[in-house]
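Subject: A structure for you to look at

Hi,

Here is the structure I promised to pass on to you. Have a look at it first, and then read my notes below.

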Amino acid sequence: MDGLVLTCDHDGRLRALHRVGSGLPGLTGKPGTPFPVLFGPDAVAGALDLFSGLRKSGRTIDQPVPSRIDPAGVFHVSGLGDAEGLVLAVARAPGGLSALLEELEALNPRLARRLAPLRSAVPAPAVPSADTLFDEMTLLNNELANAQRALAKANAELAASNEQKNRLMGMLAHDLRTPLQVVVGFAELLEQRLDGRLEATERACLERIRESSLSMRHMVEDALSLAALQAGRLRLARRPSDLAALVRRNVSMNRVLAEGKTITIELSVPERPLPMADIDPAKLDQLLNNLLSNAVKYSDRGGRVRVALSEVSDEAPGETPCEGGGRARLRVSDEGRGIPPAELAQLFQPFARTGRLGTEGEGTVGLGLYICRSIVEGHGGRITADSAPGRGSTFTVDLPLVASSP
C-alpha cells in the first residue's frame, strides 16, 4: 500500500512527512508549510475545506481532495486532531486507510496508535440541522450588513477628502495663474520697450523668463483641469471658432519654448478656409500647449517639430476633403526618441509616465496627455498616438467641424 502520513501542528503547518510503501511522488513539502499547499494550487480550496471540517469535527474519513499532482487526479484523506496536533493519512483510493494502517504498524507503531481511533470512525459526515443552518446564515447576514455599513462610511469619508483635495488644487492653481500671466506680460513688454538696447545675455535672460513662465502656466492649467475632471466639472465653453487662426497663434507662442532648445516648429495649414469649428478655444489652446511642449521636451537640440492642420471627410478619413463639414485633423510630429510599444497603451491614463526623461532631463507628472484625451473626447473627437523607439512620435487629433452659415 503506497501512501503518506502527515503530522502537523494545530494550525495545519507540516511537522513531518512519513512515507508508506513508495509514498506519493509529487506530494512533498518543507516543515512549516501549511498542509493544504502540498496538494497543489488547484487543490488548495478543497484542502482548506478539509482542514476546516477537521478542526470542527475532530476527524474525517476518505475525504476526496482533487489534485493534478497524482495521475488519478484525486487523493483520499483521513485524519484526526489530538493533543499533539493533526495527523493525516493520504491514500490514492477510497477505503485505503485500513491497508495503510496495517503497514504503518510495522513501520511506525507510535504513529499507527495515533491513527487507530479512525478504524472505528463513521465515514458519513454529520448533516447540520435546519436550525443550525439558519443560525449560521443569520450570523453571516449580520456580518455582511456590518461590513456594508463600514464600507459606506469609508466611502463617504474618502469622497469628502477627495472633494477637499480637488477644491484645494483648484484654488492653488487659480491663484498661481494670475501672477504667471503678469510675469509673461512684463517680460514681453520689456523685450518690446528695450528692443535694440539689450545685450545678448540680457535678451537671453528675458527669453528664459518667458519660457519658464509659459511652461509653469501650462502646468497650472493642467492642475486646474485635473481638479475639474476629478470633480466631474470640466465644462466646455464651445463657440464657432477659426481653428486655423487658433493653431497659428498657439504655434507662434510655443516657438518661445522651442527656441530655448533651438528647435524649429513647422506649420502647415490649408490654403482655403476651413469651416468654423464648434470648440472651446481655451481648451484647444491647452491641448496644443501639451502636445507641443511634449514634442519639444522629447526632441534633441536643433530638431524639428511639424504641426499640420487639415480637413478630412467622414466617408474617407485622411483622403478626400469634404465640402462644408466633416472633421478637422491636427497632427503634431516630432523626431525624438519615440515611445516603446509597452508604454503606448497607458499613455493617455492619469499620472502615466513613460520610462524616458526629456532630452535635457525634463521630467513630467503624467497629466498632459490624460487631459488632452479628456478635452478631445469632450468635443466628440478622438486622439491617437503613433510612435516607436528611434522614429519619433505623431499625435493625431480628429475634431468635428461645423459648416459656416451662408
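Strands β1 and β2 run antiparallel and are joined by 6 bridges; leucine 4 has arginine 19 in β2 as its bridge partner. Strands here are DSSP runs of E with at least two residues, helices are runs of H or I with at least four, and both are numbered from the N terminus. Two strands count as paired if DSSP finds at least two bridges between them.

Before going further, a word on the source. This is a predicted model, in which local features need pLDDT of at least 70 and side-chain atom pairs count only at pLDDT 80 or more, while totals for chains, interfaces and linings use all residues. Residues are numbered from 1 along each chain as its sequence is written, and side-chain values use heavy atoms, with hydrogens and water left out.

**The antiparallel sheet**

β1 and β2 belong to an open sheet of 5 strands with antiparallel pairing, in the order β2-β1-β5-β4-β3. β2 (14-20) and β3 (59-66) are the edge strands with a single partner each, so one side of each has no neighbour in the sheet. From one strand to the next, the twist averages 20°. For angles such as this one, axes are lines fitted to C-alpha atoms (for helices, over the stretch in contact), and values run from 0 to 180 degrees between N-to-C directions.

Helix α1 (residues 44-57) packs on this sheet and touches β3, β4 and β5, its direction making about 170° with that of β3. Contact means heavy atoms within 4.5 Å. Helix α2 (residues 97-107) lies across β1, β2, β3, β4 and β5, and runs at about 95° to β2.

What about β5 itself: how many of its residues are buried? The count is 7 of the 7, so β5 is largely enclosed by the rest of the structure. Buried means under 20% relative accessible area, exposed means over 50%, and partly exposed is in between (1.4 Å probe, protein chains only). β5 is joined to strand β1 (residues 3-8) by 6 bridges, the two running antiparallel, and threonine 7 has valine 87 in β5 as its bridge partner. β4 and β5 form a hairpin with 2 residues between them.

**The mixed sheet**

Another open sheet has 5 strands in the order β7-β9-β10-β12-β11, with mixed pairing. Its edge strands are β7 (264-268) and β11 (382-387), each of which pairs on one side only. Neighbouring strands in this sheet are turned by 15° against each other on average, direction ignored. β7 pairs with strand β9 (residues 304-312) in the parallel sense over 5 bridges, and glutamate 266 stands opposite arginine 306 in β9. Helix α7 (residues 281-297) lies across β7, β9, β10 (327-334), β11 and β12 (393-400), running at about 25° to β10.

**Salt bridges**

The structure holds 16 salt bridges, each defined as a side-chain nitrogen of Lys or Arg within 4 Å of a carboxyl oxygen of Asp or Glu. In one of them, arginine 327 pairs with aspartate 398, their closest N and O atoms being 3.0 Å apart. Arginine 327 lies in strand β10 and aspartate 398 in strand β12, so this pair ties together parts 71 residues apart in sequence. Are these two residues buried or exposed? Both arginine 327 and aspartate 398 are buried.

Arginine 110 and glutamate 84 also meet through their side chains in a salt bridge (2.9 Å, N to O). Arginine 110 is in helix α3 (residues 109-115), and glutamate 84 is in the loop between β4 (74-82) and β5 (85-91), 26 residues apart. Arginine 110 is partly exposed at 45% relative accessibility, and glutamate 84 is partly exposed at 33%.

**The whole protein**

The protein has 9 helices and 12 strands, and 39% of its 406 residues count as buried. Its accessible surface comes to about 22100 Å², with 55% of that belonging to carbon and sulfur atoms; the areas come from the Shrake-Rupley method with a 1.4 Å probe, and for residues only the protein chains shown count as cover.

Happy browsing!
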